[in-house]
Amino acid sequence: MSVTNEQVRHIAKLARIAMSDEELERLVPELNNILGWVEQLGEVNTDGVEPLTAVIANKLRLREDKVTDGNCRDDILANAPVAEHGFFAVPKVIE
Amino acid sequence: MTDLTAKTIAELREGLLAGEFTARELAEQYNTAVASARALNAFTVETPDDALAAADAADKARGSGELGSLAGIPLGIKDLFATRDVDTTAGSRILTGFKPRYESTVTANLRRAGAGMLGKLNMDEFAMGSSNETSAYGPVISPWRRADGGNAALAPGGSSGGSSAAVAAGIAPAATGTDTGGSIRQPAAFTGICGIKPTYGRCSRWGIVSFASSLDQAGPMARTVHDCAILLEVMAGFDPKDSTSLDLPVPNWEAGLSSDLRGKRVGIPKEYRIDGVPADINALWDKGIEWLRDAGAEIVEISLPHTKYALPTYYIIAPAEASSNLARYDGVRYGLRVETNGGLDEMYAATRAAGFGAEVRRRIMIGTYVLSAGFYDAYFTKAQRVRTLIKQDFERAFEQCDVILTPTAPSAAFGRGDKSADPIAMYLNDVFAVPASLAGLPAMSVPGGLDEQGLPLGLHLIGRELDEQGVLNAGLAIEERAGFTAKPKRWW
Amino acid sequence: MADAAAPYRIKGETGDWEVVVGLEVHAQITATASKLFSGAATAFGAEPNTQVSLIDAAMPGMLPVPNKECIRQAVRTGMALEAVINRWSRFDRKNYFYADLPQGYQISQLFHPLVGEGEIEVLLDEKDESSAKRIGIERIHVEQDAGKLMHDQHPTMSYVDLNRAGVALMEIVSRPDMRSPAEAGAYLRKLRAILRYVGSCDGNMEEGSMRADVNVSVRKPGDEFGTRTETKNVNSVRFVMQVIEYEARRQVELLEEGGSVAQETRLFDPDRGTTRTLRSKEDAHDYRYFPDPDLLPLELDEAFLEECRASLPELPDAKRKRYEGQGITPYNASVLTAEVETARWFDALLEAGAEAKQASNWVVAELFGALNRLGKSIEESPVSPAQAAELLGLVADGTISGTIAKQVLEIMLETGEGAAEIVEKRGLRQTSDTGAIDAEIDKILAANADKVADYKGGKQQLFGFFVGQTMKAMQGKANPQVVNERLRAKLDG
């Protein structure tokens with residue numbers, strides 16, 4: 001199955017990566033090359049085989065309900081490109 | 001003054017305890033070595049003061065006898081590990097200048113044992129690569145050169161290329177690496193050092209920049225098997241902050257080292273004999289078989305029928321997980337932000353386009369695609385089913401053997417730019433390494449010999465879940481018989 | 001299905017339309033101190049970004065670890081909704097980009113939720129048991145809440161506060177079983193009451209701890225379901241009902257004009273009472289759900305489930321039936337069990353010895369009125385259940401009349417004194433002394449001979465006048481029953 005320019009444009013949008021038309025042109029055959037290669041998995045008979053849910057057998061641990069974290073606003077904002085009055089600031093969103 | 005940079009960690013530990021030299025002398029020698037090797041571009045940032053501080057603390061503690069197992073040993077830390085207040089970039093432009101206010105569990109473990117840090121090591125961007133050519137901070141050049149005198153710059157392997165180059169060049173006694181699809185083992189093979197990826201869940205992933213969550217594992221890269229055992233014991237251990245961490249005690253791998261393989265069976269998988277692989281690699285594999293036989297092991301032919309599907313399986317699952325793990329790099333809370341005249345989505349798109357390199361963008365696109373509506377079952381679920389089959393292959397094989405021997409990589413180190421044209425050609429570097437990653441099994445590369453061009457070749461051992469000891473022991477048996485003492489001739 | 005009233009229909013040009021409603025309620029688990037996957041605090045109203053851990057801020061290398069109490073509260077809630085608890089469930093990532101979503105994905109449960117099918121019984125008319133309707137629950141899953149964006153603090157920037165990011169939510173998805181705004185309102189109110197009984201969520205819609213996404217479609221009765229729209233984040237029962245009314249009418253008009261309803265997400269504008277498009281299908285998110293590889297499947301053992309079950313309080317329906325069994329009217333029983341605080345107070349009153357039927361009438365008729373006047377909730381009641389029991393006991397044993405009891409209650413509310421004390425101090429004992437009563441009656445009858453004649457002539461309704469006059473003359477302290485008997489004897493005898 002191969003991807004079209006339109007599909008790649010849509011994926012770039014889903015992934016929030018800006019792409020010029022030239023980049024798109026270059027990327028489409030690259031992606032098709034890789035997708036064509038991975039498609040050989042279609043040869044494998046996987047009837048009755050469960051998808052892997054845990055790499056190594058392990059139990060999901062549940063932790064106690066205690067406040068052990070937070071209250072560290074300085075650390076949280078320390079690397080922010082734009083922070084104001086204790087908030088992260090982003091270009092305005094219209095809802 | 002003795003060249004302390006020629007010593008292994010085991011030797012350094014003895015020497016420090018015996019008072020033959022001080023930790024400060026050791027740190028100073030390494031700091032000098034690091035500063036003089038910038039042509040390799042192995043380090044993205046140098047932290048000589050950190051190494052000195054740990055050294056001084058070790059020298060002070062020596063009197064009281066309360067020395068950690070790595071007291072005063074300076075290490076290189078792959079730039080994927082968060083190190084408090086020190087730049088952590090994951091080899092990417094999108095994290096330029098990011099200084100975490102926290103320390104990864106693995107590096108905290110090393111520090112608690114007394115180790116210091118020489119600096120952060122360069123790497124393929126977000127650990128995606130096999131040649132350290134995708135770093136935003138320039139490629140790492142291997143300290144090795146071909147014997148043909150051509151001076152071509154060679155790749156040190158990847159993604160832990162800075163780690164392998166530094167250890168091989170003798171500018172760090174050891175380094176941390178991470179391995180998702182071979183990124184410890186393949187660079188170790190390319191540069192003639194040892195590297196081990198433990199069982200999935202042995203080392204905590206907390207504080208390691210996440211690439212593919214179900215595959216990432218930290219591990220040591222060092223000059224000897226013994227050194228790897230020492231380091232892995234410190235790095236590993238249960239971490240309640242990582243839900244995939246194994247709640248099991250860390251075995252005494254160092255104490256358990258033994259190259260006596262009597263009673264052990266070594267499996268040789270027929271599917272790993274591939275067309276197009278250079279003759280000297282298969283020849284080394286045959287030698288490896290002899291060495292293990294000599295160590296007392298029985299050699300058994302085994303089959304891992306789904307081997308050839310491992311790479312495509314990996315190249316669906318890893319990009320899928322990565323596409324989601326890398327969504328957080330959006331210019332809002334840390335890292336690069338590119339302002340535009342548009343709104344939020346425009347900022348996201350411009351930031352990520354500018355911040356991510358081509359290989360990372362490619363893999364995010366693949367990952368997004370294979371998870372998207374209409375394709376999820378055909379690609380992602382299918383790959384997870386095949387992954388189960390691959391894991392079952394190993395389970396069946398380990399009924400007939402205790403450890404598996406293969407070559408580490410299908411070639412020696414290649415030249416910079418040799419494989420950049422075709423991503424798939426680059427992906428094929430990991431053909432022997434990836435199956436063990438998919439199955440979560442411990443695996444190690446040890447140097448076996450040199451090829452016709454005088455470049456190192458590695459042998460690869462895969463063990464059962466939780467049997468790092470079996471892997472280390474087989475690695476030790478090879479190390480003892482291979483007699484690999486070659487070092488790169490200094491050109492930097 | 002019992003419909004006490006006529007079914008709800010939207011009258012269109014081409015005939016009557018039926019509305020089909022489903023509700024997805026997001027209920028914050030307010031019972032926990034920390035978040036679903038991080039140890040940061042969850043309390044409402046903190047300074048921005050002070051209840052945010054590195055995990056909540058999605059720093060590189062951070063990993064989620066689930067909170068046992070969140071899981072426990074979600075299981076208890078499922079049990080209270082008579083739902084199937086899935087002992088094996090899994091967390092999935094829902095991937096999309098927004099400034100209130102630091103990870104770029106929300107950890108949720110799509111493929112295998114924690115709780116399966118259940119149901120709620122609602123009474124569309126509290127006075128009418130036959131108006132009961134069972135509304136199905138499809139599933140409940142746990143997921144992370146998002147942070148908060150503020151758009152009005154700066155001309156060109158929006159501000160992000162991640163305090164709420166990572167707080168545990170239960171998403172309770174109903175089946176599309178509702179057929180009117182009233183049904184939806186009743187469902188929400190009942191669900192909210194149950195959540196508050198269980199204690200998992202405080203149901204505080206103004207503060208945002210409970211909000212509803214309203215799915216609305218229309219059809220001609222008997223037809224297939226039409227295309228539905230989803231109106232997100234509606235934060236009051238009244239608004240939910242408005243949304244349904246507006247959306248149903250909008251869709252009917254659209255369809256009758258020959259258009260079609262777009263499957264889309266909408267937002268409610270409370271000022272105008274209208275909904276508008278938020279996202280069209282073209283912009284629709286492709287969430288690319290996949291199992292979260294940082295977590296393992298969640299497995300619950302029998303012991304855990306048993307403890308959850310044992311910890312549940314008596315729930316509203318069971319309590320209502322118990323009250324009815326004790327002689328309380330269905331209406332009163334509904335009113336008393338609607339809110340957990342009221343039920344608790346009433347149970348304490350019964351435990352203090354009050355008789356059920358009398359107590360229920362008194363609480364509904366007298367206490368509620370008094371509390372309303374004072375602007376107090378029942379938890380703030382100046383009169384405690386024990387004090388109320390004492391007051392009711394005095395009426396039950398004839399010490400005071402019901403009328404006097406009202407007076408005593410006022411004094412209790414004002415002064416905080418006990419009922420018996422008040423009765424003694426102010427001499428409010430009612431008298432059953434026939435002698436004294438007869439004497440007063442004789443005086444009244446003598447003073448109103450004309451009315452006596454009218455009464456004997458057929459105006460039976462004047463009896464009440466004589467009762468009133470007698471009670472007045474005796475300052476309300478006459479035992480009304482005895483007054484009645486003696487008046488009857490003297491007038492009719």
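1. Chain C of this predicted model is divided into three parts: domain 1 covers 10-307, domain 2 covers 314-425 and domain 3 covers 434-492. Between the C-alpha centres of domain 1 and domain 3 of chain C there are 63 Å.

2. Helix 12 of chain C takes in residues 434-447.

3. Which residues of helix 12 of chain C are buried? Ile437(C), Ile441(C) and Ile444(C) are. Around the axis they cover an arc of only 65 degrees, which means that they sit on the same side of helix 12 of chain C. The cover over the buried residues of helix 12 includes helix 14 (463-473) and helix 15 (480-492) of chain C. Exposed residues are found on the other side of helix 12 of chain C, namely Gly435(C), Asp442(C), Ala446(C) and Ala447(C).

4. Chains A and C share an open sheet. Its 4 strands follow the order 1(A)-2(A)-9(C)-8(C), with antiparallel pairing. Strand 1 (83-84) of chain A and strand 8 (148-150) of chain C stand at the edges; each has a single partner strand, so one side of each lacks a neighbour in the sheet.

5. Strand 2 of chain A and strand 9 (residues 157-161) of chain C run antiparallel and are joined by 4 bridges. Opposite Pro91(A) stands Met157(C), in strand 9 of chain C.

6. The contact between chains A and B involves 39 residues of chain A and 55 residues of chain B. On the side of chain A that touches chain B, at least two residues each come from helix 1 (5-14), helix 2 (21-38) and strand 2 (87-91) of chain A. Helix 2 of chain A gives the largest share, 7 residues. By class, this side of chain A has 28 nonpolar, 5 polar and 6 charged residues. Strand 2 of chain A, one of the contributors here, is also the strand bridged to strand 9 of chain C.

7. Chain B also meets chain C: 32 residues of chain B are in contact with 25 residues of chain C. Helix 9 (310-325), helix 10 (344-355) and helix 11 (358-371) of chain B each supply at least two residues of the side of chain B that touches chain C. The largest share, 3 residues, is that of helix 9 of chain B. The residues on this side of chain B divide into 15 nonpolar, 10 polar and 7 charged.

Terms used. Residues are numbered from 1 along each chain as its sequence is written. Chains are lettered from A and ligands numbered from 1 in the order in which they are written. This is a predicted model: local features need pLDDT of at least 70, side-chain atom pairs count only at pLDDT 80 or more; totals for chains, interfaces and linings use all residues. Two residues are in contact if their C-beta atoms, placed from the backbone, lie within 7 Å. Ala, Val, Leu, Ile, Met, Phe, Trp, Tyr, Cys and Pro count as nonpolar, Asp, Glu, Lys and Arg as charged, and the others, Gly among them, as polar. The expected span of a helix is 1.5 Å times one less than its number of residues. A residue is buried if 20 or more other C-beta atoms lie within 10 Å of its own, exposed if 12 or fewer, and partly exposed in between; C-beta atoms are placed from the backbone. The arc is that of the directions from the helix axis to the C-beta atoms. Domain bounds come from an automatic or database domain assignment. Two strands pair if DSSP finds at least two bridges between them.
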